[in-house]
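Please open the model in your viewer and keep the selection panel at hand. The tour goes from one selection to the next and says what is to be found at each.

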Amino acid sequence: MNFALSVLRLMCLAWLWPVALFKGSNTQNQRRHKDVYLGENTQHKHGGRIDFKTKKSDSTKSLLIKSEQLLRIEDHDFAMRPGFGGSAIPVGIDVQVESIDSISEVNMDFTMTLYLRHYWQDDRLAFPSSNNKSRTFDARLVKKIWVPDVFFVHSKRSFIHDTTMENIMLRVYPDGNILYSVRITVTALCSMDFSRFPLDTQNCSLELEKFANDLMLYWKNGNDSLRTDEIALSQFFIEEFHPSFGLAFYSSTGWYNRLYINFILRRHIFFFMLQTYFPTMLMVMLSWVSFWIDRRAVPARVSLGITTVLTMSTIITGVSASMPQVSYVKAVDIYLWASFLFVFLSVIEYAAVNYFTTVEEMKKLRKGKLPASYDATQAMAYDGCFHDDIDVSPFPELPTTPSTTRTIPPRASSTEPPPTEGTRLWRKRSVGKNIRFIMSNSYMIDSYSRIIFPLAYLLFNIIYWCIYS
């Protein structure tokens, strides 16, 4: 039985062995034909040379190696500046402002995108050229040579754009002159003065300085070194863009020259007129409506006064929330708080009117001018004040008796003409008597307030806009 199985296995192997040899030969032939096909294509593309190492390597890398050989990168130590040990190397600066992205009053900073260009000469990078043309490289070569260490003073955040590649350009001329350009977005500090906000003008500057003391920064083309595109901001007019330079002293390292990009911003006032000034004016004028409402309408006048006060509080809170917490008074604070004072005084005015009306009616009640059947408590509970429009029953006339008849003494003759009626009372009446007269006639307070409040607010607006405009 075992013998029969062994014979059967040998017969199967004998039958499968030629098939396996045939497939193996076909596979080798296919691989050989594929290699020949690739070899023919490579030979056709590269002029008859078959070089698999060149095919696998990066062509841009080989070009970079050739450029390094042309510029003799390996022959020099680019960790040191050109002319190390000698005089300071001049580095020219040229800036083109692309945009001012944002200006924040709360953080007191601004964000700007610009092209920063450096110009200097490095004889170590000079190369022979028959046509005297420059060569342009990207960020890979920049990492292998010396570049100026310029930085932004008072910078909070900054970055170099890297989409789709790093926005860095290096241009080398045959005589060793170099142009190094980089596209940067920087957020820098701007010390703002809000004492005249929102009628203010801000002067911000972006400051450039170098770490090394053996460099000398200067504007490449003077005032023409700063160029700007068409820039439009939502809240500011750009009145002026100009470069300047100065010196900065550090106690440990000495003096450094510094370049400034100055720009003057004037704020748009129309936005704040719509959001702050006009609503405030309307609230103040709305508070004057209570002067034309009957002084006995307590719910109407109190509700109107409280509503205007709360609305003014909301406007003040909204403006303060969008501003930095400074320790001085701003122009908008003066206007808002003065307007709030006018609204508050209109409420106080009605409190005075109501009080004097109550005192006047109490006096009438005590003197008996009001009937005994008049219940003052019920009247006051109705609307909050006493009433003087009650029908008062006429008192019976007292009989005239000789004892009650008064004899009026004759007026002493005088050479002075009798004073005209009206002027005599105002001359002899003192300020205190005038106040008591107004207090006894509380309805006159509303009459005077209708004139005094608008005139006073108009005078305040004239003075305010003359000072801050």
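Predicted model: local features only at pLDDT ≥ 70, side-chain atom pairs only at ≥ 80, totals over all residues.

Begin by selecting Glu 105 and Arg 267, whose side chains meet in a salt bridge with an N to O distance of 2.6 Å. Glu 105 sits in the loop between strands E1 and E2 while Arg 267 belongs to strand E12, so the pair ties together parts that are 162 residues apart in sequence. Glu 105 is buried at 11% relative accessibility, and Arg 267 is buried at 4%.

Now show Lys 220 and Tyr 119: Lys 220 lies over the face of Tyr 119, at 5.1 Å from the ring centre.

Move on to residues 269-290, one of the spans that an unreviewed UniProt entry gives as "transmembrane region"; this span is 82% helix, with its end C-alpha atoms 31 Å apart. Residues 334-357, also in that annotation, are 100% helix, and there the end C-alpha atoms lie 34 Å apart.

Finally, select Tyr 277 and Tyr 464, a tilted aromatic pair with 6.2 Å between centres and 50° between planes. Tyr 277 is in helix H5 and Tyr 464 in helix H11, so the pair ties together parts 187 residues apart in sequence. Both tyrosines, Tyr 277 and Tyr 464, are buried, and they belong to one aromatic cluster that includes Trp 288, Phe 342 and Trp 465.

Note on methods: Residues numbered from 1 in each chain as written. Heavy atoms only, no water. Phe/Tyr/Trp six-rings, centres within 6.5 Å; stacked < 30°, edge-to-face > 60°. Helix = DSSP H or I, 4+ residues; strand = E, 2+ residues; numbered from the N terminus. Buried < 20%, exposed > 50% of the residue type's maximum accessible area, 1.4 Å probe, protein only. Lys NZ or Arg CZ within 6 Å of the ring centre and 35° of its normal. UniProt positions renumbered as here; feature names shortened; annotations may be inferred. Salt bridge = Lys/Arg side-chain N within 4 Å of Asp/Glu carboxyl O.
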